[in-house]
Amino acid sequence: MEDFRKANAVTSFIKVADGTRLAWREMGTGRPLLLIHGYISDAATNWVTYGTAAQLAAAGYRCIMPDLRAHGASDKPHAASAYPQDVLADDQCALVDHLGLIDFDLVGYSLGARTAARMLAKGLRPGKAILSGMGLEGLTNTGHRRAHFRNILRNIGHHAKGSPEWMAEAFLKTTGGDPVALDMILDTFVDTPREALAELDLPIGVVCGVDDQDNGSAAALAALLPQGELISIPGNHMSAVTKPDFGQALVGYLQKGR
């Protein structure tokens, strides 16, 4: 069996309708699986560095891992016109169309989960979806997270050492994020009403660290979704993705019943 832990993900690019160039990486072959990373992160950090993509590839998935607009190797425009509401979901739907994906699964972490939820709300229907690092309030009331991150980005260098804001700033430095572009991304957030979530009648796993309350209640989100299932794993919002339990939970849910 191929050792995907040592495999390099192949990077490709697409230009979407407004001319923005978006990057995505691929690893593995088999059932297509779109994996969308979190805010300030990128595909490599979220999925490759800690071995999650390798776990999924070894389980028979073609891991398609985009860098969201303003993240990673994708363009980071500074024009407000590049950040209309829901642009992240629209970008990823464009990638799905570009790749001709019809029968595939969808996973998002944190901002990636918010993006995935918006894609589902717009009518996308993968075989299965996983919203990870996400709770109900993180989808229905995005203003809270918008204010939290705006404070971080506009006060860099002034956060108390050890605070959540200081930790997020340190993470920004490790990923080489562009604070201006990332600030503008916050204006693209769209709330998804409870009523819309309650209509998403497809298998959706809610994978979340037991100590992660950053986006509200994962249990409440799973309970609201018609076919929602809560899967708890060790860790908090920052640490859960670094543990093998995360990839194991994704594989386990995606392969259940198949």
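The model is predicted, so local features need pLDDT of at least 70 and side-chain atom pairs count only at pLDDT 80 or more, while totals for chains, interfaces and linings use all residues. Residues are numbered from 1 along each chain as its sequence is written, and side-chain values use heavy atoms, with hydrogens and water left out.

**Helices H6 and H7**

- Helix H6 (residues 143–154) packs with helix H7 (residues 164–175) at an angle of about 65°, their axes 10 Å apart. Helices are DSSP runs of H or I with at least four residues, numbered from the N terminus.
- H6 and H7 are therefore roughly perpendicular to each other (a label for angles of 65 to 115 degrees).
- On the H6 side, the contact (heavy atoms within 4.5 Å) is made by His148, Asn151, Ile152 and Leu153, and they meet Glu165, Ala168, Glu169 and Leu172 of H7.
- By class, this contact of H6 with H7 has four nonpolar, two polar and two charged residues. Ala, Val, Leu, Ile, Met, Phe, Trp, Tyr, Cys and Pro count as nonpolar, Asp, Glu, Lys and Arg as charged, and the others, Gly among them, as polar.

**Cavities**

- There are three cavities of 30 Å³ or more. On a 1 Å grid over the protein atoms alone, a cavity is a set of points where a 1.4 Å probe fits but cannot get out, and lining residues have an atom within 4 Å of a point.
- The largest cavity has a volume of about 80 Å³ (the space filled by probe spheres set on the points).
- H4 gives the most to the lining of the largest cavity, with four residues. That lining divides into five nonpolar, two polar and three charged residues.
- The second largest cavity comes in at about 50 Å³. Its lining includes Tyr39, Arg145, Phe149 and Asn215, and H4 and H6 each supply at least two of the lining residues.

**The largest pocket**

- About 630 Å³ of space lies in the largest pocket. A pocket is an open set with protein on both sides within 12 Å along at least five of seven lines.
- Of the 25 residues lining the largest pocket, Ala168, Phe171, Asp214, His237 and Met238 lie nearest its centre.
- H7 gives the most to this lining, with six residues; helix H1 (43–48), H6 and H7 each supply at least two.
- By class, the pocket lining has twelve nonpolar, ten polar and three charged residues.

Key
Axes are lines fitted to C-alpha atoms, for helices over the stretch in contact, and angles run from 0 to 180 degrees between N-to-C directions. Angles under 35 degrees count as roughly parallel, over 145 as roughly antiparallel, 65 to 115 as roughly perpendicular and the rest as oblique.
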